[in-house]
Amino acid sequence: MSEHAKHHHHHDHGAPAPDGAETAKDPVCGMTIEVKGDTRNQDFGGETYHFCSEGCEEKFKADPWFYASGNAAKAGQQAQPGTQWTCPMHPEIVRDEPGACPICGMALEPMVPSDEPSEELTDFTRRMWISAAAAVPLIILTMGELVSLPVRDWIGHRVATYVEFLLATPIVLWAALPFFKRGLASFRNMSPNMWTLISLGVGAAYVYSLFATFLPGVFPMEYRMGEGVGTYFEAAVVIVALIFVGQVLELRARERTGDAIRALLDLAPKTARRILPDGSEYDAPLENVVEGDMLRVRPGDSIPVDAEVVEGRSSVDESMITGEPVPVEKTEGDRVTGGTINKNGTLSIRATQVGADTVLAQIVDMVAGARRSRAPIQGLADRVSAVFVPTVVGIAVLAFIAWLLLGPDPAIAFAITAGVSVLIIACPCALGLATPISITTAAGRGAQAGVLIKDAEALERMARVDTVIVDKTGTLTMGKPQLTDVIAFNQADEAEVLALAAALERGSEHPLAEAIVQGARDRNAERLDVTDFDAVTGKGVTGRVSGRDVALGNPALMETLRIEIASAEDRADALRADGKTAMYVAVDGSLVGLVAVADPIKETTEGAIRDLHALGLRVIMATGDNHRTAEAVARHLGIDEVRAGVLPEDKKALVEELRAQGAYIAMAGDGVNDAPALAAADVGIAMGTGADVAVESAGITLLGGDLVGIVRARKLATATLRNIKENLFFAFAYNAAGVPIAAGILYPFIGLLLSPMIAAAAMSLSSVSVIVNALRLRRMKL
């Protein structure tokens with residue numbers, strides 16, 4: 001029962017406060033208590049608060065304002081979902097508590113990895129050491145004479161057999177109990193798996209040895225070796241010990257696949273510095289921060305939650321979220337993301353998203369979601385796994401019968417060795433793990449580089465893409481137009497032309513207006529006032545400035561006002577050829593100048609396009625800009641094809657047109673008006689700076705918002721697909737070679753028949769090898 005529940009339990013069933021007694025409500029748990037001389041209390045904000053227990057008092061002392069303000073009650077209404085567990089091989093299995101997968105028997109793992117130690121890893125490690133401790137004397141008893149330790153001869157065969165029984169029984173019946181439980185569950189669920197084979201193999205070796213020890217008379221004389229019938233106690237125990245070694249190695253390796261998620265979770269600090277209404281401050285637990293709280297972030301601190309800057313200026317290192325190394329300047333009104341690091345200034349921020357609503361929490365959810373998705377390439381492994389175990393059992397039975405009928409004396413020994421070895425060596429887990437373990441590792445590695453993978457299918461498709469469609473604004477360019485040129489005609493000077501243009505644009509809401517106004521401010525142009533302002537849709541703006549009629553706009557506006565611009569056309573065309581937007585400035589019916597605005601190309605764009613070409617991709621730019629501006633940008637960057645004047649709704653048609661030509665397409669967009677095109681493309685890539693983390697129509701989200709992210713996504717996808725193929729090849733090759741060798745196919749040629757103990761070692765290492773290969777993705781350079 002939780003502490004809160006205990007309080008209510010006590011309150012509901014305990015004695016009520018006597019009539020007339022002074023009572024108070026505990027601000028932490030909400031319980032009504034009788035106030036006595038020894039009742040725990042704390043003063044805060046001019047009021048005295050009383051508590052039912054030391055626990056409630058300590059919580060209040062840690063964050064008094066949270067409870068005194070009533071925020072605790074509000075936060076309590078938003079219950080956090082509990083931890084759920086899933087199977088890495090069968091993500092459709094979801095449970096509210098740890099256990100084993102009913103399909104494959106593998107240990108379930110938390111959907112979102114935590115720092116809590118794995119109970120199964122602790123338990124299996126203990127069982128492994130105890131099994132190993134029993135295996136050593138058993139091996140000495142059975143094989144000691146090979147190293148001049150004939151212990152069996154010293155104590156006698158009969159005593160040695162009983163000692164083997166005493167050592168093996170607790171290992172098989174206690175240590176190996178989880179194996180048998182999972183094997184039994186596989187029969188009950190009609191889903192044969194690795195544990196079916198292990199429990200059959202170990203069980204057969206142990207039961208045969210019991211009969212050989214206590215009922216040797218039931219065996220024909222030809223089954224006897226020396227003083228009695230041979231036993232397999234040591235094989236059963238060594239198999240159990242080796243399988244535990246493999247399981248422990250596998251569980252440790254699987255834990256490491258969640259390291260990237262744990263690293264993301266660790267980005268958020270455990271406390272936040274709360275600013276109270278009276279200006280005082282203290283450190284409060286992060287879980288107590290609610291939307292609207294005022295917080296202080298000092299230099300070098302992590303920003304605790306997503307928030308808006310209310311006061312201060314600083315640069316913020318967002319590399320752990322976006323993968324971009326250059327710190328971003330933040331000032332009043334800017335948004336900051338939880339988990340990023342404040343570099344040099346002090347910021348006052350207002351919390352806007354907390355808990356599961358933060359960008360960091362959504363990133364963790366998306367990475368965890370990718371772990372639970374299935375890639376199409378896994379279909380082959382699934383189809384093989386469905387018939388794998390029954391086939392192996394069939395081969396084991398055939399091998400047993402063949403050796404019993406055709407093998408040399410003692411035939412029963414060879415038959416049991418072959419049958420048990422076949423059951424033990426086969427490893428369906430290596431097949432089942434080949435794909436999901438690579439996807440899990442890749443999703444974590446991608447998140448560290450600002451590439452969020454929504455599902456395994458998107459990653460597999462990204463590796464096959466041959467064409468990328470990108471937007472110009474905000475993807476290839478900064479998305480923030482800047483003033484580039486001011487040209488004066490007819491005895492006017494540049495400062496005057498810029499001052500007149502800026503005066504008009506202060507009243508405009510056009511995206512280019514801000515660039516002109518900011519440019520005038522940067523160049524210290526004179527600030528002039530405007531009257532009779534009018535915005536002419538699609539053409540420009542007009543007004544009166546210092547008693548003169550001023551117009552700023554495109555050729556259509558100049559034509560409407562009958563202003564001659566022929567003399568400036570060549571200059572304007574030259575500006576457009578450089579990818580700039582040229583606007584005419586006229587005063588009292590005469591042209592006085594040109595101003596040009598351009599959206600600067602990002603520093604990373606040119607290199608990223610070279611990298612995309614090197615990766616075998618064709619790059620198409622789809623933009624709403626005019627053809628001349630778009631061509632200028634494309635020419636400068638080496639883009640393969642340009643589609644200008646494209647509206648967001650036209651992009652879906654473009655995707656379908658290219659697909660009809662046989663292209664495999666990735667579409668990069670902002671995830672809002674581009675959603676239909678993102679959904680239509682083979683891979684939708686949402687370009688964002690964190691706000692678009694949860695774009696449903698995109699399979700991949702790039703937090704950095706530029707082409708470098710597409711390069712990273714492509715590299716990650718091709719490396720992951722290659723890694724999956726390596727794992728599948730190894731798993732298929734291992735089983736295709738291991739099962740026939742265990743059955744004894746090489747014995748007639750080179751006299752080789754695998755011991756069940758060697759088979760167990762090989763099986764254990766096969767799963768571990770697949771996981772270790774997948775973990776190489778963690779170190780890949782993106």
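In which hand, left or right, does helix 14 pass helix 15? The crossing is right-handed. The model examined here is predicted.

## Packing of helices 14 and 15

Two packed helices are described by the angle between their axes and the distance between the axes. For helix 14 (residues 378-406) and helix 15 (residues 411-425), the axes come within 8 Å and the crossing angle is roughly 170°. Helix 14 is therefore roughly antiparallel to helix 15, as angles over 145 degrees count as such.

On the side of helix 14, the contact is made by Val 392, Val 393, Ile 395, Ala 396, Ala 399, Phe 400, Trp 403 and Leu 404. Helix 15 contributes Ala 411, Ile 412, Phe 414, Ala 415, Ile 416, Ala 418, Gly 419, Val 422 and Leu 423. Sorted by class, the contact comprises 16 nonpolar residues and 1 polar residue, with no charged residues. Gly counts as polar.

## Aromatic pairs

The structure contains 18 aromatic pairs.

Phe 165 belongs to helix 7 (residues 157-175) and Phe 214 to helix 9 (residues 194-214), so the pair ties together parts 49 residues apart in sequence. Phe 214 has a relative accessibility of 41% and therefore counts as partly exposed.

## Aromatic cluster

Which residues form one aromatic cluster? The members are Phe 44, Tyr 49, Phe 51, Phe 60, Phe 66 and Tyr 67.

Note on methods: Residues are numbered from 1 along each chain as its sequence is written. This is a predicted model: local features need pLDDT of at least 70, side-chain atom pairs count only at pLDDT 80 or more; totals for chains, interfaces and linings use all residues. Side-chain values use heavy atoms; hydrogens and water are left out. Axes are lines fitted to C-alpha atoms, for helices over the stretch in contact, and angles run from 0 to 180 degrees between N-to-C directions. Helices (H or I, at least four residues) and strands (E, at least two) are DSSP runs, numbered from the N terminus. Angles under 35 degrees count as roughly parallel, over 145 as roughly antiparallel, 65 to 115 as roughly perpendicular and the rest as oblique. A crossing is left-handed if the near helix is turned anticlockwise from the far one by less than a right angle, and right-handed if clockwise. Contact means heavy atoms within 4.5 Å. Rings of Phe, Tyr and Trp (its six-membered ring) pair if their centres lie within 6.5 Å; planes under 30 degrees apart count as stacked, over 60 as edge-to-face and the rest as tilted. Buried means under 20% relative accessible area, exposed over 50%, partly exposed in between (1.4 Å probe, protein chains only).
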